[in-house]
Amino acid sequence: MGKWTIRCDGGTNAELILPGEDPDHLRIEIRGAEPKTQFDVQLNQPRLNLKKNDLYILRFRGRAAAVRALCFGAAQAHAPWQNLGLYREIELTPQWADFEEKWTPTDDEFNARIHFDAGQASVPFELAGVRLTRLKPGTTEAVLVEPGEHSGTGDQLWQSQPSAPADSPPPPA
């Protein structure tokens, strides 16, 4: 989906690892102090352009070294970090599982982010095939949402392309 960033707080350290040659496969290993809040370890994909009232679908695969909770959502990628209508908690297990969430943003946001809050536990976890798509208004055609770049005026260059079929990303090894 683009370049991910990791944020740590509360004395926690985490490392973002790209195992193998698949850039869509991420592993997060948490070290240091035991996280105290879910957002002490946060994986972020910023620079997304979201439109209020459009329908979005977030899909990904996930697993963990042991059973653990993981939260994910959509929010502003800048202060005041406002939630944009999506925040869920799921359970990851050692087996790969598919996740899909549909939602409509509460506001237009030219610098939104998809985030995974992982501070509930220090158990390592993996994500693969993270895809955000937007359904074109009035159609069933989905468009892949990719991070864009910002100009000096605060506008975003919107990058989009037709999405691949839902079953196209190969499952991680």
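Glutamine 76 is buried, at a relative accessible area of 9%, so it falls under the 20% cut-off. Keep in mind that this is a predicted model.

**Around glutamine 76**
- Glutamine 76 sits in strand E6, which covers residues 68-76.
- A polar atom of the glutamine 76 side chain is 3.5 Å from the backbone nitrogen of tryptophan 81.
- Beyond its neighbours within four places in sequence, glutamine 76 contacts Trp81, Gln82, Leu84, Glu109, Asn111, Ala112 and Arg113.

**The loop between E6 and E7**
- Proline 80 is in this loop, and a cis peptide bond with omega of about 10° links alanine 79 to proline 80.
- Tryptophan 81 is in the loop between E6 and E7 too, and its phi is positive, near 65°.
- For context, most peptide bonds are trans, and most residues other than glycine have a negative phi.

**The loop between E4 and E5**
- Asparagine 53 belongs to this loop and has a positive phi of about 75° without being a glycine.
- Asparagine 53 has 61% relative accessibility, so it counts as exposed, the cut-off being over 50%.

**The nonpolar core**
- The largest nonpolar core holds 33 residues, and Leu58, Phe60, Trp103, Ile114, Phe116 and Leu132 have the most contacts inside it.
- At least two residues of this core come from each of several strands, including E3 (25-32), E6 and E10 (125-135).
- Leaving out residues up to four places away in sequence, phenylalanine 60 touches Phe72, Ile90, Phe99, Phe116, Leu127 and Val130, among others.

How values were computed:
Residues are numbered from 1 along each chain as its sequence is written. This is a predicted model: local features need pLDDT of at least 70, side-chain atom pairs count only at pLDDT 80 or more; totals for chains, interfaces and linings use all residues. Side-chain values use heavy atoms; hydrogens and water are left out. Helices (H or I, at least four residues) and strands (E, at least two) are DSSP runs, numbered from the N terminus. Buried means under 20% relative accessible area, exposed over 50%, partly exposed in between (1.4 Å probe, protein chains only). A polar contact is a pair of N or O atoms within 3.5 Å; within protein, one must be able to donate a hydrogen and the other to accept it, and residues adjacent in sequence count only if both atoms are side-chain atoms. Contact means heavy atoms within 4.5 Å. A nonpolar core is a set of buried Ala, Val, Leu, Ile, Met, Phe, Trp, Tyr and Cys residues joined through side-chain atoms within 4.5 Å.
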